[in-house]
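Please look at the model below before reading these notes.

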Amino acid sequence: MSAAPHVVLGVAGGIAAYKAVEVCRRLTDAGCEVAPVLTEAATHFVAPLTFSALASQPARTSLFGDATDPIPHTRLGQWADAIVVAPATADLLARYASGMANDLLTATLLATRATVVVCPAMHTEMWEHPAVQENLATLARRGVVIVPPGDGRLAGGDAGPGRLAEPGDIVAAVSAVLEAVREGRTPGGPTPRLRDLAGRRVVVSAGGTREPIDPVRFISNRSSGKQGHALARAAYDRGAEVVLVTTTNRPAPPGVTVVRVDTAASMEAAMLEQAASADIVIMAAAVADFRPKAPAEAKLPKADGVPDIVLEPTSDILRELGRRRRAGQVLVGFAAETGEAEERAVAKLEAKGVDLMVANDVTAAGVGFDHDTNAVTILGRDGGRRVVELSSKRQVADAVLDSVAGCLE
Ligand code: CTP
């Protein structure tokens with residue numbers, strides 16, 4: 001790789017194109033030689049001249065070069081150490097995924113062996129459309145690094161998932177790719193850190209189960225499902241095919257297949273079925289240990305007095321998953337404790353035959369049920385111990401997946 005890394009910055013036609021100006025500036029500041037390539041639609045949002053002024057090379061927009069640069073797409077494709085497309089619109093993703101080459105940007109994407117980073121940005125409805133998700137899955141399978149959009153303000157005053165990732169995160173992803181290329185780790189392929197679960201099937205459970213007393217009442221617990229949903233999203237972002245078995249009504253993370261369940265029994269059926277073909281199984285759900293033995297078929301009338309509710313144990317799903325585990329499958333449990341978290345978690349790790357047990361003391365401030373933050377200790381069957389201080393549930397999810405990646409054969 002050249003001393004100053006060569007980066008092609010592709011800009012597609014979306015409102016977020018103005019943020020690509022900042023990405024361009026930061027890449028140049030980071031010592032990259034930047035060649036901007038704008039689609040025709042992008043020029044309606046930002047002027048090529050803006051990029052030409054900030055980048056190392058003039059911005060290009062045409063597939064048809066000039067006397068000094070007659071075939072720009074092959075030259076740029078071969079020149080690049082990495083290509084980043086920010087923003088990547090639904091249209092650009094569709095054309096790239098289907099191998100079209102009808103403008104300079106898509107032709108360059110096809111004419112390169114460099115790692116490509118795409119940063120999608122679009123309205124939530126478009127982002128969640130199966131066509132977009134399938135195109136992304138296709139690109140991810142081919143080793144394209146995806147920097148997922150964030151949640152926030154969109155064009156026209158709307159808000160939701162689909163907002164272009166922050167320029168700092170985009171530049172960090174490009175830097176990670178360039179570092180991998182420099183170290184000769186995966187030339188032209190995905191970076192291990194960002195796409196280390198590509199080709200893996202991950203099944204995650206989330207939320208508290210609900211055990212009916214009668215058709216309107218149930219016994220449950222305080223689990224919100226946030227940590228399980230964060231794990232599913234993180235695993236998807238890292239390239240895995242993800243199934244999320246959840247008791248909550250939270251929106252499905254984009255790209256993740258959701259199976260909705262309610263009782264421990266329905267969760268067990270779904271988990272055993274899904275786990276049979278999984279490489280990684282994570283039980284983040286809070287499963288009820290007891291359920292009413294004979295739930296009433298009709299609502300129990302108050303006039304009948306206080307009912308005697310007889311409980312019976314549910315089956316331990318994680319223990320059963322441990323018994324049925326496929327060779328090479330990585331199994332992870334969560335232990336929410338209210339004291340002596342680590343000792344109790346180690347005992348559960350052994351009793352349930354898992355590879356990793358994630359322990360948290362749910363009585364600590366900002367930790368556990370319904371918070372957006374968590375603090376955990378990840379305990380390994382091999383005696384490994386990793387402390388994750390108070391951080392977002394997404395960061396905890398990535399730390400757990402880092403440990404999972406270390407267990408994979
Ligand atoms: N678990 C499960 N099935 C159950 C109970 C728990 O699969 N019936 C799983 C949880 O999803 C979690 C792990 O086992 O990954 C530990 O759950 P926890 O409630 O902490 O442990 P229990 O075995 O229920 O023990 P205790 O209630 O005594 O703490």
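1. Strands 4 and 5 run parallel and are joined by two bridges. Strands here are DSSP runs (E, at least two residues), as are helices (H or I, at least four), numbered from the N terminus; two strands pair if DSSP finds at least two bridges between them.

2. This is a predicted model, in which local features need pLDDT of at least 70 and side-chain atom pairs count only at pLDDT 80 or more, while totals for chains, interfaces and linings use all residues. Residues are numbered from 1 along each chain as its sequence is written, and side-chain values use heavy atoms, leaving out hydrogens and water.

3. Strand 4 also pairs with strand 3 (residues 82–88), in the parallel sense and over five bridges. Here Ala 88 stands opposite Pro 120.

4. Is strand 4 (residues 115–120) enclosed or open? Six of its six residues are buried, so the strand is largely enclosed by the rest of the structure. Buried means under 20% relative accessible area, exposed over 50%, and partly exposed in between (1.4 Å probe, protein chains only). Thr 115, Val 117 and Cys 119 lie on one side, with Val 116, Val 118 and Pro 120 on the other.

5. In helix 12 (residues 341–352), the residues Ala 341, Ala 345, Leu 349 and Lys 352 are buried. The buried residues fall within an arc of 90 degrees seen down the axis, so they line one face of the helix; the arc is that of the directions from the helix axis to the C-beta atoms. Glu 343 and Glu 350, on the other side, are exposed.

6. Just after helix 12, Gly 353 takes a positive phi of about 65 degrees.

Terms used:
The expected span of a helix is 1.5 Å times one less than its number of residues.
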